[in-house]
Amino acid sequence: MTPTEVMAFVKENELEIVDFKFLDFVGIWQHFSAPIAELTEEIFEEGLGFDGSSIRGWQPIHNSDMLIVPDPSTAKIDPFVAKPTLSLICNIVDPITREGYSRDPRYIAQKAEAYLKSAGIAEVAYFGPEPEFFIFDDIRYASDVNHSFYFIDSNEGIWNSGREEFPNLGYKPRHKEGYFPCAPTDSLADLRNEMVEELQRVGLHIECMHHEVATGGQCEIDMRFNSLLDMGDQLQWFKYIIKNVAYRNGKTVTFMPKPIFKDNGSGMHCHMSLWKDGVNLFAGDGYGGLSKMGLYYIGGIMKHAKALCAFTNPSTNSYKRLVPGYEAPVNLAYSNRNRSASLRIPVTSNPKAKRVEYRTPDPSANGYLAFAAMLMAGLDGIENKIDPGEPLDKDIYGLSPEELKDVPKVAGSLEEALNSLEEDHDWLLKGDVFTQDVIDMWLSYKRENEVDNVRMRPVPAEFELYYDC
């Protein structure tokens, strides 16, 4: 929509409130609202002022004035507000220079798309993420100087097979056996259908939905691929809608990668391809039906994978999922069909569907930053013709220690990922996509607020292990 079309949309739908949404540096939607009478066409050009010092990772208090500038193409009706409400995703702009704010994740995604075109490699990068999540019935947690605990519960959890439920009817998925069972074992089909209905209502193209592997309510809903920026917007709507549908049904959703011990975590496999003049540039006659460009793209991902983890797996909890020796995609290898490799080439005879699937990322990621970083790594591989080496078609989980020692791995902790990013980020600075200020602030914020916070805190398991030492 144009600003004029947005104003007509408001009148046609008799909207009463306008809600301005934007993403903080870490990856959580923020918002404020106004009566619809305050919305004018001029706002789409002039923007609205707000205090940037109160947003995580943004401006210092002595230099806090910022502008939000709504993007009229993002106009939708918010499905969760009682009053008819227009929702607009906004860009963040410096009020003095009128330039995009370097720490605005959406601006970074926009610059990544611009760099792709300016490099002459392709016109569009398509991303198809598969965010998994857990639907729980109860969540409690607390952490203080003298205590720490969490307690999650799900009516589906196998740990409740012996609970008195007046009556307990069973049919709870066993650990690692939650993939595709029918009802009544899968008790969440109606809730997922309701989620899909709302996702479609705001314009998302949903391809399928199902229960996932873990017990305790793990699910997946798959979106059709889209361009980098649009998929960043879609991922924010996706999380917002999934959480709010669950909430209004008396349930709660988490996208944290590893909430349950000894069962599968939640990943966000990302399918990627580059296109120009309506042609898929990843389709070719090389291994797995990939072109040389597609293989070089893989080479770039593999070369920068440890640094990439700082954006694709940006939580300390991410590395409870990425554990060598289990099913997590930690091994930096590529293969056709082989799901034990971190990079897979899905089998298809359709050249338009030829793509690269990177299986390491998880849904704690800030989508704009993660997609932009993956694109920049892949483009570095293309520009420098980085050879990914030979494919690995064996079951990696079945390799002997001798065979496995030569297979590189992704970062093993958030601290390692951040250290790798500090040493390896020049490829992110091309085209001013990521600035040095963004890299420095990401490193500083993550180390001070997350790595150190977790590293210095005793956890209950340590009392089990060491209290009597």
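# A tour of helix α9 and its partners

Select Leu 228, Leu 229, Met 231, Gly 232, Asp 233, Leu 235 and Gln 236 in α5, then Gly 367, Tyr 368, Phe 371, Ala 372 and Leu 375 in α9: these two groups meet, contact meaning heavy atoms within 4.5 Å. By class, this contact of α5 with α9 has eight nonpolar, three polar and one charged residues (Ala, Val, Leu, Ile, Met, Phe, Trp, Tyr, Cys and Pro count as nonpolar, Asp, Glu, Lys and Arg as charged, and the others, Gly among them, as polar).

The model is predicted: local features need pLDDT of at least 70 and side-chain atom pairs count only at pLDDT 80 or more, while totals for chains, interfaces and linings use all residues. Residues are numbered from 1 along each chain as its sequence is written, and side-chain values use heavy atoms, with hydrogens and water left out.

Now show the whole of α5, residues 228-248, against α9. Their axes are 8 Å apart and the packing angle is about 150°, so α5 and α9 are roughly antiparallel (angles over 145 degrees; under 35 is roughly parallel, 65 to 115 roughly perpendicular and the rest oblique). The crossing of α5 and α9 is right-handed.

Next, select α3, residues 105-118, together with α9, residues 367-383. Here the angle is about 25° and the axes are 8 Å apart. That makes α3 roughly parallel to α9. The crossing of α3 and α9 is left-handed. On the α3 side, the contact is made by Pro 105, Arg 106, Ile 108, Ala 109, Ala 112, Tyr 115 and Leu 116; on the α9 side, by Tyr 368, Leu 369, Ala 372, Leu 375, Met 376, Leu 379 and Glu 383. Twelve residues of this contact are nonpolar, none is polar and two are charged.

Stay on α3 and colour by burial. Its buried residues are Pro 105, Arg 106, Ile 108, Ala 109, Lys 111, Ala 112, Glu 113, Tyr 115 and Leu 116 (buried is under 20% relative accessible area, exposed over 50%, partly exposed in between, with a 1.4 Å probe and protein chains only). Just after α3, look at Gly 120, which takes a positive phi of about 75°.

Last, select Glu 198 in helix α4, residues 189-201. Glu 198 counts as buried because its relative accessibility is 3%. Leaving aside neighbours within four places in sequence, Glu 198 is in contact with Pro 79, Ile 241, Val 245 and Arg 248.

How values were computed:
Axes fitted to C-alpha atoms, helices over the stretch in contact; angles between N-to-C directions. Helix = DSSP H or I, 4+ residues; strand = E, 2+ residues; numbered from the N terminus. Left-handed = near helix turned anticlockwise from the far one by under 90°.
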